[in-house]
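Hi! Keep it open beside you and go through the points in order.

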Amino acid sequence: MRYFLEIAYDGTRFHGWQVQPNALSVQEVLDDCLSKVLRQPISSTGSGRTDTGVHASQQFVHFDVEEELDTQQSVYRFNRLLPADVVAKQLYLVPDDAHARFDAFARTYHYHISLVRNPFKRLYAYHHSRPLDVEKMSEAAAVLLKYEDFTTFSKVKGDTKHYRCDMYEAVWRQQGEELVFTIRANRFLRGMVRLIVGTLVDVGRGKLTVAQFEQVVASQDRRQSSGAAPAEGLYLAKVEYPETINLTPALS
């Protein structure tokens, strides 16, 4: 039987989502917990990878077990064993061929910039002390919707076969003392969001015009992008699936 588990995590102390040698990952911690609670080896598959220090307010994983689970009781037991910076939210019984990564048709990331120094936000937002032109940043962000090839904002390393993404939304909003960037697409390249944010911040600082930003995007040249924004401001916020994967909590 296949289950989707919805989780959230504070990525501060983790070297990203994916299991890797000699570094603590969210997947390693989660699989260890699931294996102990369910008393069988569990290897989960996530909806996508997050890099070192990046957070997730919503991440989905799938895993297989032989017997049907009491979903509410299982979530309770998972959370008793998980560390405080990883939380199991909901467990869903799904079709046997449902896939947390390949069946997701959209993903949304949020990036938070703190406009004032705040000790409680230092691990969860990028503090930027200089004034930023939010209108210009939003105008530049809208340019992204015109393009499909995002080679400019990709890292060289990795097994990426192509650099095309369907971009659905890219907008900045001011929320009190923070700027929040929302970006939604069918897929994202490794390090893509942080590279986009770093380049948009240069627009906000007046180092790039909107027209120059569009030239950077169109260039398909990694050397044209600005440096990546810090990891602590980035959150995987939403993962969307078709209705055939019924993500409605079971009554149990």
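1. A definition to start with: a polar contact is a pair of N or O atoms within 3.5 Å; within protein, one of them must be able to donate a hydrogen and the other to accept it, and residues adjacent in sequence count only if both atoms are side-chain atoms. Here's an example at the start of α3, where a side-chain oxygen of Asp133 comes to within 3.2 Å of the backbone nitrogen of Glu135.

2. Before going further, some ground rules. This is a predicted model, so local features need pLDDT of at least 70 and side-chain atom pairs count only at pLDDT 80 or more, while totals for chains, interfaces and linings use all residues. Numbering runs from 1 along each chain as its sequence is written, and side-chain values use heavy atoms, with hydrogens and water left out.

3. Now the overall layout. The protein chain has five helices and nine strands, where helices (H or I, at least four residues) and strands (E, at least two) are DSSP runs numbered from the N terminus. Read from the N terminus, the order is β-α-β-β-α-β-β-β-α-β-β-α-α-β. The radius of gyration is 19 Å, close to the 18 Å from the globule rule for 252 residues, so the chain is as compact as a globular protein of that length. (That radius is taken over C-alpha atoms, and the rule is 2.2 Å times the number of residues to the power 0.38.) Along the principal axes, the C-alpha trace spans about 60 × 40 × 35 Å.

4. How much of the chain is buried? Buried residues make up 49% of the 252; buried means under 20% relative accessible area, exposed means over 50%, and partly exposed is in between (1.4 Å probe, protein chains only). Contact here means heavy atoms within 4.5 Å.

5. On to the inside. A nonpolar core is a set of buried Ala, Val, Leu, Ile, Met, Phe, Trp, Tyr and Cys residues joined through side-chain atoms within 4.5 Å. The largest one has 74 residues, and those touching the most other members are Leu5, Phe63, Phe78, Leu144, Phe153, Phe181 and Ile183. Helix α4 (residues 192-204) gives the most to this core, with eight residues. If you're wondering about the general picture, nonpolar side chains tend to be buried together in soluble globular proteins. Zoom in on Leu144: beyond its neighbours within four places in sequence, its contacts include Phe153, Ile183, Ile196 and Val217.

6. Back to α3 for a moment. Which of its residues are buried? They are Met137, Ser138, Ala140, Ala141 and Val143. These buried residues pack against β7, β8 (178-185), α4 and α5 (210-219).

7. Thr152 deserves a look. This residue sits in the loop between α3 (134-143) and β7 (167-175), and its 1% relative accessibility is why it counts as buried. Its side chain reaches two backbone oxygens, that of Val216 at 2.9 Å and that of Val217 at 3.3 Å. Not counting residues up to four places away, Thr152 also touches others, including Ser219, Asp221 and Ser225.

8. UniProt lists Tyr109 under "binding site". Tyr109 is in strand β5 (residues 106-114) and is buried, with a relative accessible area of 8%. Outside its four-place neighbourhood in sequence, Tyr109 contacts Arg49, Thr50 and Phe181, among others. The "active site" annotation covers Asp51, in the loop between β2 (45-46) and β3 (55-64). Leaving out neighbours within four places, Asp51 is in contact with Gly16, Lys155, Arg190, Gly191 and Arg194.

9. Finally, check two backbone angles. Asn22 has a phi near 60°, a positive value in a residue other than glycine. This residue lies in the loop between β1 (2-9) and α1 (26-38) and is exposed, at 85% relative accessible area. Arg39 isn't a glycine either, yet has a positive phi of about 60°. You'll find Arg39 in the loop between α1 and β2, exposed with a relative accessible area of 76%.

Definitions and conventions:
UniProt positions are given in the numbering used here, feature names are shortened, and annotations may be inferred rather than shown by experiment.
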